[in-house]
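I opened my notebook to record what I looked up in this structure. The entries follow in the order I made them.

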Amino acid sequence: MKRKITLKQIAKELDVSISTVSKALRNSPEISDDTKQKVQAFAKLYNYRPNNIALSLKNRKTNTIGIIIPEIVHHFFSKVIRGVELVANNRGYNVIVGLSNESFSKEVINMEMLANGSIDGFILSISKETQQLQDFHHFNETMSQGMPIVMFDRVVSEIKCDKVIVDDLNGAKNAVEKLVHNGCKAIALITTKDYVSVGKLRTQGYLEALQDHKIMPKAELILKIDDTLDFESRLDTLEQEIEQLFKSNKDIDGVFAVNELYALSAMKVARKLGLNIPDDIQVIGFTDGVLSKHATPSLTTVSQHAQQMGERAADLLIDKLENEIDTEEEEFQTIIIATDLVERESTK
């Protein structure tokens, strides 16, 4: 699929400024009729269409970058923001944070507001609803106007932009291998629905670890949580479903959960059912949040190095902003950050 033409490309082809192209497309009286006709004809030939996310004029810098995150209460995202701000401030940039609340429409509205001359580029983690809908037009439209995007954590391969991700697959694999080496034979997985990219990769790591150790994966040991509900309803439903999982499979001696909330909920339910952690059941969660250290017992986790992720994302974006790159030759990077297993009291 041919990439959409940008204001910058039209300006280059016709040997005029980006400002002239923008004004000509808006029929500004400042531009001669001859130039307007040339610009409009060229734009029509290459199917250029302005859109709601378009920048008014990309001829000035705000030295401000925008971060769009799905949740504000999540310890992981707060550490990413800390990393972004550290690098941005050191390099002379300010940071504005927008919240999608896992909503596609809020994600689009946030980008529309911030892209209207407020910022120079975006760092973002995609909302669950956007991943579910598979509608990424707002990212493409933003980039087609010359505004770079760096995605982190939750990313989509369909969008050509710089990305910073954690090694979800191998992080999960190492966690499950730890449970196997500790003697666990019936390891349950508590994960998200498959449309969430990180949950899908962590599920794949779980399956590969079992297969490598000649353990047959069992569908009844895999619990996929529908987390589209509000937080309180989600918490009640989560604990009910985990309790049902444990009661239906009394031989479960290990749990790998794809996030901190699922892991801590599993430990709460296990204690409620009279199970001792880690003697009867061992638990590992992905994401090393603040609650993991202070849980009783403390939770063994996969650390994602969230602050490092934010720092790398900020460097990628600012490098792109400060180095003029011809879009025809533009190359994108995907930085993969390795995980570490932080061992605590929930495993032996």
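I began with strand β9 (residues 282–286), which pairs with β10 in the parallel sense over 3 bridges. This is a predicted model, and I read every entry that way. I looked for a facing pair and found I284 opposite T300 in β10.

**Two cis bonds**

I noted first that most peptide bonds are trans. Then I searched for exceptions. The bond from I277 to P278 is cis, with omega near 15 degrees. I placed P278 in the loop between α11 (260–272) and β9. The bond from T296 to P297 is cis too, and its omega is near -10 degrees. P297 sits in the loop between α12 (290–294) and β10.

**The open sheet**

In what order do the strands of the open sheet run? I read β2-β1-β3-β4-β5-β11, which makes 6 strands with parallel pairing. The edges are β2 (94–99) and β11 (334–337), and each of them pairs on one side only. Neighbouring strands of this sheet are turned by 15 degrees against each other on average, direction ignored.

I then looked inside the sheet. Strand β1 (residues 64–69) runs parallel to β3 (residues 121–124), and 4 bridges join the two. I picked out G66, whose bridge partner in β3 is F122.

What lies across β3 and β4? I found helix α7 (residues 137–144) there. This helix runs at about 145 degrees to β4 (149–152).

**Helix α1**

I turned to helix α1 (residues 7–14) and asked which of its residues are buried. They are L7, Q9, I10 and A11. I recalled that an α-helix has 3.6 residues a turn, so residues three or four places apart point the same way. The cover over the buried residues of α1 includes α2 (18–25) and α3 (33–45). After α1 comes D15, with a positive phi near 60 degrees.

Most residues other than glycine have a negative phi.

N63 is not a glycine, yet its phi is positive, about 55 degrees. N63 lies in the loop between α3 and β1.

I located D153 in the loop between β4 and β5 (162–166).

**Confidence**

The protein averages a pLDDT of 90, and 92% of the residues score at least 70. Where does pLDDT stay under 50? I found that stretch at residues 52–59. The model has 18 contacts for these residues beyond four places in sequence. Where pLDDT is low, the predicted coordinates should not be read in detail.

Methods. Residues are numbered from 1 along each chain as its sequence is written. This is a predicted model: local features need pLDDT of at least 70, side-chain atom pairs count only at pLDDT 80 or more; totals for chains, interfaces and linings use all residues. Side-chain values use heavy atoms; hydrogens and water are left out. pLDDT is the predictor's confidence in each residue, from 0 to 100. Contact means heavy atoms within 4.5 Å. Buried means under 20% relative accessible area, exposed over 50%, partly exposed in between (1.4 Å probe, protein chains only). Two strands pair if DSSP finds at least two bridges between them. Axes are lines fitted to C-alpha atoms, for helices over the stretch in contact, and angles run from 0 to 180 degrees between N-to-C directions.
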